[in-house]
Amino acid sequence: AVLNTGDDKPAFLLTVDTRTNMCVITAVNPPPEADKTFQVWMVSDEMPKPKSIGMVNKPGEMQMMPMQPGPEMDLFMNASYAVSVEPMGGSPTGLPTGPVLFTGKLIQATP
């Protein structure tokens with residue numbers, strides 16, 4: 001998934017390896033945010049609220065926990081993703097509290 005504002009360069013890339021069920025978020029071109037962190041959220045009509053899947057505190061890659069095959073992976077593959085700006089350490093409420101700057105959906109890159 002390319003996470004951007006729709007008209008800018010990509011800010012983050014979300015990559016899923018379906019053989020290992022590992023997910024990696026790469027900060028490609030995020031805007032500078034002093035004393036803040038970027039938090040990545042999974043959003044789906046099948047969930048009552050967004051689910052945090054990790055934080056990116058500086059440019060580079062953040063590797064996430066593997067997803068389990070089955071319904072959890074199906075939900076993950078069909079969800080939308082959003083990146084919000086949060087206080088260092090992440091959202092204090094468990095939901096996005098800062099502005100959501102970037103959004104995107106996964107697309108299949110290999111057959």
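**Notebook: a predicted chain, residue by residue**

I started at Asp-35, which is exposed, with a relative accessible area of 68%. By the cut-offs I used, buried means under 20% relative accessible area, exposed means over 50%, and partly exposed lies in between (1.4 Å probe, protein chains only). Asp-35 sits in the loop between strand 3 and strand 4. Its phi is positive, about 55°, although Asp-35 is not a glycine.

Conditions noted before going on. The model is predicted, so I kept in mind that local features need pLDDT of at least 70, that side-chain atom pairs count only at pLDDT 80 or more, and that totals for chains, interfaces and linings use all residues. Residues are numbered from 1 along each chain as its sequence is written, and side-chain values use heavy atoms, with hydrogens and water left out.

**Whole chain**

Helices (H or I, at least four residues) and strands (E, at least two) are DSSP runs, numbered from the N terminus. From the N terminus the order is β-β-β-β-β-β-α-β-β. The protein chain has 111 residues, of which 38% count as buried. Among contacts (heavy atoms within 4.5 Å) with a separation of 6 or more, 56% join residues 24 or more positions apart.

**Hairpin**

I then checked strand 2 (residues 12–17) against strand 3 (residues 22–27): they pair in the antiparallel sense over six bridges. Pairing requires that DSSP finds at least two bridges between two strands. One of the bridges links Asp-17 to Met-22 in strand 3. The two strands form a hairpin with four residues between them, and Asn-21 in the turn has a positive phi of about 60°.

**Sheet and helix**

Which order do the strands of the open sheet take? I read 5-4-7-8, four strands with antiparallel pairing. Strand 5 (51–56) and strand 8 (100–105) are the edge strands, and each pairs on one side only. Neighbouring strands of this sheet are turned by 25° against each other on average, direction ignored. Strand 4 (residues 36–43) and strand 7 (residues 80–87) run antiparallel and are joined by eight bridges; Thr-37 has Glu-86 in strand 7 as its bridge partner. Helix 1 (residues 71–78) lies across strand 4, strand 5, strand 7 and strand 8, at about 80° to strand 7. For such angles, axes are lines fitted to C-alpha atoms, for helices over the stretch in contact, and angles run from 0 to 180 degrees between N-to-C directions.

**Single residues**

Val-43 is in strand 4 and is partly exposed, at 35% relative accessible area. I listed what Val-43 touches, leaving out residues up to four places away in sequence: Pro-50, Ala-79 and Ser-80. Val-43 and Ala-79 are 36 residues apart along the chain, with their C-alpha atoms separated by 5.7 Å.

Met-55 belongs to strand 5 and is partly exposed, at 30%. From C-alpha to C-alpha, Met-55 is 9.1 Å from Ile-25, 30 residues apart in sequence.

Val-2 lies in strand 1 (residues 2–3) and is partly exposed, at 38%.
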